Amino acid sequence: MPTLSRSPSRLLLYAALALFTLLAGCDRSVDRQLAEHAAAETTLGVTPKEFARRFNEKLPDALAGMQVDEPAHMANLYKLDPSRLHPGQYEYVLETKVGPSQTSLLGTLNQKGELRAVGVLLTDRSQAARDEFLICADSAARSFIEGSQEKLLPLITRLTGIALNNPGQRMTEVVSDQLLSVEVVSQGLLFQVQPKQ
């Protein structure tokens, strides 16, 4: 017959084993859920370096759409340098600046390093900064949208105007399975391209 001193220790051992088994089962469940979530994440399907190449290729077209003289030459002012693309202060964010007004280009990444969204941030109220914002937003949108590219700048301009007149509201439009959005955020005005959910 077991003594009283052994019985509580066996009960404690059984309770610890049951708790360990329960926790081990939870860990697998959480891992599975995280893997399913990661697999379901939609992306733009490119890495930051691939985006930089596309963005740079589309710049002359974006500048021509704004009726800039010598768009191919002026594109050099706004080109993304792939070597300057670096993670931001958070793990899955990239951040870089382009152009004389130092317009911020932002991106969120999935764990595989593919872009989930690309953003252009306007923080300066000068006309030069606004023009640069539109150039970068148009080139970013052209990087992911094949057809109707001549309609992108008017659309972005319209969304920007509506967003500026309606702070706190996100203005969106779906073009070729890409969601374009503009909204006023605490840092300034944010334009984004991301896959339609």
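From the N terminus on, the order of elements is α-α-α-β-β-β-β-α-α-β-β-β. This is a predicted model, where local features need pLDDT of at least 70, side-chain atom pairs count only at pLDDT 80 or more, and totals for chains, interfaces and linings use all residues. Residues are numbered from 1 along each chain as its sequence is written, and side-chain values use heavy atoms, with hydrogens and water left out.

Colleague: What is the mean pLDDT of the protein?

Modeller: The mean is 82, and 76% of the residues reach 70 or more; pLDDT is the predictor's confidence in each residue, from 0 to 100. Over residues 1-5, though, pLDDT stays under 50, and the model has zero contacts there beyond four places in sequence (contact means heavy atoms within 4.5 Å).

Colleague: Why is H2 called oblique to H4?

Modeller: Helix H2 (residues 48-65) and helix H4 (residues 127-142) pack at about 120°, axes 8 Å apart. Under 35 degrees counts as roughly parallel, over 145 as roughly antiparallel, 65 to 115 as roughly perpendicular and the rest as oblique. So H2 is oblique to H4.

Colleague: Which residues of H2 and H4 make the contact?

Modeller: Among them are Phe-51, Phe-55 and Leu-59 of H2, with Ile-135, Cys-136 and Arg-142 of H4.

Colleague: And what makes up that contact by class?

Modeller: Eight nonpolar, one polar and four charged residues. Ala, Val, Leu, Ile, Met, Phe, Trp, Tyr, Cys and Pro count as nonpolar, Asp, Glu, Lys and Arg as charged, and the others, Gly among them, as polar.

Technical notes: Axes fitted to C-alpha atoms, helices over the stretch in contact; angles between N-to-C directions. Helix = DSSP H or I, 4+ residues; strand = E, 2+ residues; numbered from the N terminus.
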